[in-house]
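Good morning, and thank you for coming. Please look at the sequence and the structure on the screen while I speak.

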Amino acid sequence: MNDDSAFPTEVKFFSGEEIPLELHKVRVVQKLHLRPVEERHRAMEAAGYNTFLLHTRDLFLDMLTDSGTNAMSDQQIGAMMVADDAYAGSASFARMQDAIRDVLGMKYVLPVHQGRAAENVISKTFIKAGDVVPMNYHFTTTKAHIDINGGKVLEIYTDEALKIKSAHPFKGNLDLKKLEAVIAEYGPARIPYVRMEASTNLIGGQPFSMQNLRDVRAMTRQHGIMLVLDVSLVGENIWFIKQREPEFKNASIRDILLEFCSLSDLIYFSSRKVSSTRGGAIATNRQDLFNRMKDLVPLYEGFLTYGGMSVREIEAMAVGLRETIDDTIISQSPSFIKYLINDLDSSGLPVVTPAGGLGAHIDARGFLPHVPQTEYPAGALAAAFYIASGVRGMERGTISSVRDENGNDILADVELLRLAMPRRVFTLSQVKYVADRLKWLYANRELIGGLKFVDEPKVLRFFLGRLTATSDWPAKLVAKFRRDFGESL
Ligand code: F0G
């Protein structure tokens, strides 16, 4: 990696306009498809009103996720060309191990094919029936793996976490009083570990502070409980610590990241996010933990020096991890998200504030107060927004939840449309288009109705479930679009 970290990340404009500036140039491009609104309606219908089931040939901007879709750097692509193919003992793996040691400060590394594979290994190793796992908030795959191993997730977020409008800099903080109460209630023997998720995904990519992590560390250590960090989105969390936690204003990203990881027993990540590649890993400085987990890797993933990943990905991952400490890279996604959120917020649209990492989050209950939660407002908003714009977002609400033992939906705490901002993928005019179409949709929000399931998988239903509109509202939305935009796309 070049020594670029001295470059400014926030550039002032003479005009006074506050806009994010792309700190990279584009040298490989991919053609996009902006289909007419009628075709988008047909595509949404064919996809069962589930944006996961749309084809990229029908998308203009793909804001489904940042997972595996961040732009890779020229250094990463270059590194892929010199990868060392070997079933065992690959030099590529050694380079990745070195990167994890240098950047995340962890000595023992278990490679896995992606983040949820790490969750499988960790849950299988440490969770027994009746255990509870306290955490700042769950992620879908995390919860599924803990459940399947007989454990239970306890979410002990602060009162601020689920407020849509907030000025709190660290909504991802864990509530220490609740942690104390949970330890007193269940006892350390039933708590295999406490989990903290960086840039807490499902509450809007919200970070937690270093001080909160230090406090959680102190309490878990006092009770002999392991602390596990999900660092899939650590770059952005570290960026926010530097921006928002006064103690770290002048600290280097490298030092913040090393302290952050050192406050845990075990870290794991999805490389699809953190290093802008594919793959994942578990890392620790504790040999005892490494030894307890390691036999599961050849069983589920692959040999200990590739873990189900191609060596080319492993090389790119090593470079991507080193790039995680480059301010000009990790600041990009948060600065574009901040621009979009501030624009929508000042136009009166209901959005999650403050702007977080990963993506912009739109409050579907505020957007569609007339759609009951049992008719999935966040899913309906995702479908309506695709029809209105060709932009694909993701439902993060009750469709992403589960049913209780009586078959009733467990209503999600928050109903969000997530518009992910993969790193260095979209330009400012594309982000302006997103804001423009959202504003149009908000002006026409009363046209949008609900959704119902027609085909509902039992596990992680949001991925493959098919739904339909509860009325002919999509056709009415298309007709209004035509009236307002004429022949335009
Ligand atoms: N942990 C967090 C915080 C995540 O955001 C994800 C994935 C995982 C674990 C699982 O990793 O996908 O590599 O198996 N998040 C993606 C998303 C899917 O779109 O938010 P994975």
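This is a predicted model: local features need pLDDT of at least 70, side-chain atom pairs count only at pLDDT 80 or more; totals for chains, interfaces and linings use all residues.

Residues are numbered from 1 along each chain as its sequence is written, and side-chain values use heavy atoms, with hydrogens and water left out.

Let us begin with the domains. Domain 1 comprises 37-66 + 329-485, and domain 2 comprises 74-325; such bounds come from an automatic or database domain assignment. Their centres, taken over C-alpha atoms, are 28 Å apart.

How many residues of domain 1 are in contact with domain 2? There are 29, and they meet 33 residues of domain 2, where contact means heavy atoms within 4.5 Å. The two domains bury about 2600 Å² between them, 55% of it on carbon and sulfur atoms. Buried area is the accessible area (1.4 Å probe) that two parts lose on being put together, summed over both. On the side of domain 1, I330, P354 and R423 lose the most area to domain 2, together 24% of what that side buries.

The count of salt bridges between the domains is three; a salt bridge is a side-chain nitrogen of Lys or Arg within 4 Å of a carboxyl oxygen of Asp or Glu. I also draw your attention to the salt bridge of D66 with K273, whose closest N and O atoms are 2.5 Å apart.

We turn now to the loop. N136 sits between strand β2 (132-135) and helix α5. Helices (H or I, at least four residues) and strands (E, at least two) are DSSP runs, numbered from the N terminus. Is N136 buried or exposed? It is buried, with a relative accessible area of 1%. Buried means under 20% relative accessible area, exposed over 50%, and partly exposed in between (1.4 Å probe, protein chains only).

What surrounds N136? Leaving aside neighbours within four places in sequence, its contacts include Y157, R195, E197 and F208. G172 is also in contact with N136, and the backbone oxygen of G172 lies 3.0 Å from a polar atom of the N136 side chain.

Finally, consider helix α5 itself, residues 140-148, in which T140, T141, T142, H145 and I146 are buried. An α-helix has 3.6 residues a turn, so residues three or four places apart point the same way. After α5 comes G150, with a positive phi near 90°.

Technical notes: A polar contact is a pair of N or O atoms within 3.5 Å; within protein, one must be able to donate a hydrogen and the other to accept it, and residues adjacent in sequence count only if both atoms are side-chain atoms.
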